[in-house]
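This briefing is intended to be read beside the sequence and the coordinates shown below.

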Amino acid sequence: MADTSDTRTPAQIEADIRARRTVLAETLDEIGVRVHPKTIVGDAKAKVVANVDHTLGKAYVQVNRVVTDVRAKFVDEEGAPRLERVVPAALLVVGVVGLLALGARRRKS
């Protein structure tokens, strides 16, 4: 059989009950805040912002890598342009822009 004797005084029991009520009241307040619609919406927004920030960070890294790769193709280690690559690329750009200009001019006529 279990020992059911309690050696605490009634004052100690009342103090324990008051302490437990205080802890329970704090817990209920915290639960109330957590389930409040504004808190739920705020948490959802924070998760979305964190995901967007993470995605933008990954995109930034990717763009930075591409720019570094392109720069490495057109600039040597000392920072001087590689004319053997810059000139053909510039001619290609001028040619494409010229073709686009001619195409736009023909449409207007």
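**Burial and overall form**

Of the 109 residues of the protein chain, 1% count as buried, that is, under 20% relative accessible area with a 1.4 Å probe and protein chains only. The model is predicted: local features need pLDDT of at least 70, side-chain atom pairs count only at pLDDT 80 or more, and totals for chains, interfaces and linings use all residues. Residues are numbered from 1 along each chain as its sequence is written, and side-chain values use heavy atoms, with hydrogens and water left out.

Fold and dimensions

- The protein chain has three helices and zero strands, in the order α-α-α along the sequence; helices (H or I, at least four residues) and strands (E, at least two) are DSSP runs numbered from the N terminus.
- The radius of gyration, taken over C-alpha atoms, is 36 Å, whereas a compact globule of 109 residues would have one near 13 Å; the globule rule is 2.2 Å times the number of residues to the power 0.38.
- The C-alpha trace spans about 100 × 45 × 30 Å along its principal axes.

Surface

- Carbon and sulfur atoms hold 64% of the accessible surface of about 10,100 Å², computed by the Shrake-Rupley method with a 1.4 Å probe.
- Leu-28, Ile-31, Val-35 and Ile-40 make a nonpolar surface patch of about 390 Å²; patch residues have over 30% relative accessible area and no salt bridge, and nonpolar side chains are joined within 5 Å. A salt bridge is a side-chain nitrogen of Lys or Arg within 4 Å of a carboxyl oxygen of Asp or Glu.
- Val-35 lies in the loop between α1 (10-34) and α2 (37-74), and counts as exposed because its relative accessibility is 54%, the cut-off being over 50%.

Methods:
Patch = residues over 30% accessible without salt bridge, like charges linked within 9 Å, V, L, I, M, F, W, Y side chains within 5 Å.
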